[in-house]
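Hello,

Here is the structure we spoke about, passed on for you to look through. My notes on it follow below.

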Amino acid sequence: MAAVEPTITLRGDGHTRRRKIANRLAEAMATLAAVLAVAVLAVVVLAVAKRGASELSWTFLTSDLPVPFTPGGGIAPLIVGSAILVGIATLIALPLGVCIAVFLEEFASGWLRPPVQLAVDLMTGLPSVIIGVFIFSLLVYGHAQSAVAGSIGLAIVMLPLITRSTQEVLRLVPSAQREGAYALGASRWRTVVGIILPSSLGGILTGTVLAIARAAGETAPLLFATGIFGSALGFNPFHALPNMPVQIFIWSESGDPEDQKRAWATALVLLVFVLIASLAGRIALLASRRKLGR
Amino acid sequence: MATVSTTDQLQGRGRLLDRIGDKLLYGLTAAASLLAVATIILIAWKIFRSAHLSFSQFGISFLWGTTWDVNKAIFGALPALFGTAVTCTIAMVIAAPLGLAIALFLSEIAPRSVQVVIGSLVETLAAVPSVVLGLWGILVLGPFVADHGVRWLDRWLGFIPLFKTSEGQNGASSLFVAGLILAIMVVPIVASICRELFVSVPTELEEAALALGATRWEMVRGVTLSSSKAGIGAALILGLGRALGEAIAVAQVIGAGYVIKGSLFNTGDTLASRIVAQYQGWSTKLQLASLFYLAAILLVIGLFTNLMAQVIVRRFNVYGRAR
């Protein structure tokens, strides 16, 4: 018997080359996709910044809304109105969201947990226009538009986000802390209020900031609840209040180039706020996750 | 004897306070949870009730009615269903491969520092308010597509009805642009969910594939993708749910044409955008009820897709593996 002749060469043949090319191609496509997504973000942000900045001025930020078909005017009522709307929504959604998360993670037993968790999950996926028409039929139809109705709509948007993020931080609280408190004879509510919530406060606030960033740009729930408003500064939440998203929507559909300029400038203000809030929230989230050793 | 007195103290006032506190906190959190469940039920009930007038008038045939005529009091949902199907198809055809590719880039290719930066930027894309994206869509993307894409497609591929531009349409406000805007919204959702999935694929499996001589792409195809199939399905469904329900941005760019035409460059309407476009000018109760009927259809589709994603997530324990 002759020695075994090596029939397989270790040099790459056509097949190997093809596999390598396929690999390179796939890697290039994936990289390209990521570049494309970042490019789209850059194009949108730059377009808003370029077109919005030329219109933006101190007068624009501090004046009442323009009278239709005349130049000038500003967006102070929109900024104030949006702040009030989101503020009330946060006051509603934050305590409720934290309570639901505490119930789900600390109290709920057996059969009680699934329906509540399901409700929260379904609420996350609820189209915002559905929330809008719901608020319309519940609170606006037959009554009048009001900022409170709009805030309740925004609260329904925020609630599942806050619940979700609170649940995540509650799960990250080391069980040693919990057991330590129980071992010292602390009751359940003392453990939750005194130990668990304080140590997850940062995470809850982060989730709230992200939820605020989301709610500030929501248009559909407001369109039906506080979509028709005057041009003056308003503070009464029981009347319809001017707000940025709805006004951007109205101006964007207008044929008047002046209105379009105002839409860009308002969009810039809204976008800057939303991006800063969501970036801050995300950075805090990463930092807290690293701290809690995820 | 000292120990006994301590026990006595423990059973005193402090104990009572704790018992009340426990009950109170339980009651409070349970009430909040009940409120969440009640809200979901109330939303469904209220929307179906408000649609009642239209439902009793048209019944189920509302679904395939093609007219929307306030004066003749005839309403139908088919053009909106058609528009929703077309725009969501465009969005998913673009966003599914892109989202998956981005997730693969982030989880398999990018070095850690790049991963954090690009990952955050992609998630920031999801934070852009839809009304701002719609503004950009109607004033920048629409005209751009009309000037560069549509004319070219009409000239060279115009023999395919899909790419034919009709009279009086330039494609700036069209199903196609709406699909593009929706794709921009769906990409970050698919990308961020899939990225978590891919990261959670056991490293031993991936390394085993590499050790057997697989290239990175073969490893991704054979191990990463095939072991996260269910999760990818759930991610795509969640992305689809976002596309189905988006109202504002679509209403801005779709041009409100309530017709069924074969071309992508025609104006159209989706369920959600129809509600937004019509609600301000509603004049008859039947029209309002018909808008609620559209909302009810959207709610049913939305809840169904959501539940399906939940079922997949639970059944295959998609996230359980990650934790």
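**Domains of chain B**

The C-alpha centres of domain 1 of chain B and domain 2 of chain B lie 42 Å apart. Domain 1 covers 2-50 and domain 2 covers 61-315; these bounds come from an automatic or database domain assignment. This is a predicted model, in which local features need pLDDT of at least 70 and side-chain atom pairs count only at pLDDT 80 or more, while totals for chains, interfaces and linings use all residues. Residues are numbered from 1 along each chain as its sequence is written, and chains are lettered from A and ligands numbered from 1 in the order in which they are written.

Four residues of domain 1 of chain B are in contact with five residues of domain 2 of chain B (contact: C-beta atoms, placed from the backbone, within 7 Å). The domain 1 side of this contact has three nonpolar, one polar and no charged residues (Ala, Val, Leu, Ile, Met, Phe, Trp, Tyr, Cys and Pro count as nonpolar, Asp, Glu, Lys and Arg as charged, and the others, Gly among them, as polar).

**Chain B against chain A**

Between the chains, 71 residues of chain B are in contact with 69 residues of chain A. Helix H2 (residues 13-50) of chain B gives the largest share of the chain B side, 20 residues (helices are DSSP runs of H or I, at least four residues, numbered from the N terminus). By class, the chain B side divides into 49 nonpolar, 16 polar and six charged residues.

A:Arg19, A:Ala22, A:Asn23, A:Ala26 and A:Glu27 meet B:Arg216, B:Trp217 and B:Glu218.

**H9(B) within its own chain**

On the H8(B) side the contact is made by B:Leu205, B:Glu206, B:Ala209 and B:Leu210, and on the H9(B) side by B:Met219, B:Gly222, B:Val223, B:Thr224 and B:Ser227. By class, there are five nonpolar, three polar and one charged residues.

Regards

Notes. Two residues are in contact if their C-beta atoms, placed from the backbone, lie within 7 Å. Helices (H or I, at least four residues) and strands (E, at least two) are DSSP runs, numbered from the N terminus.
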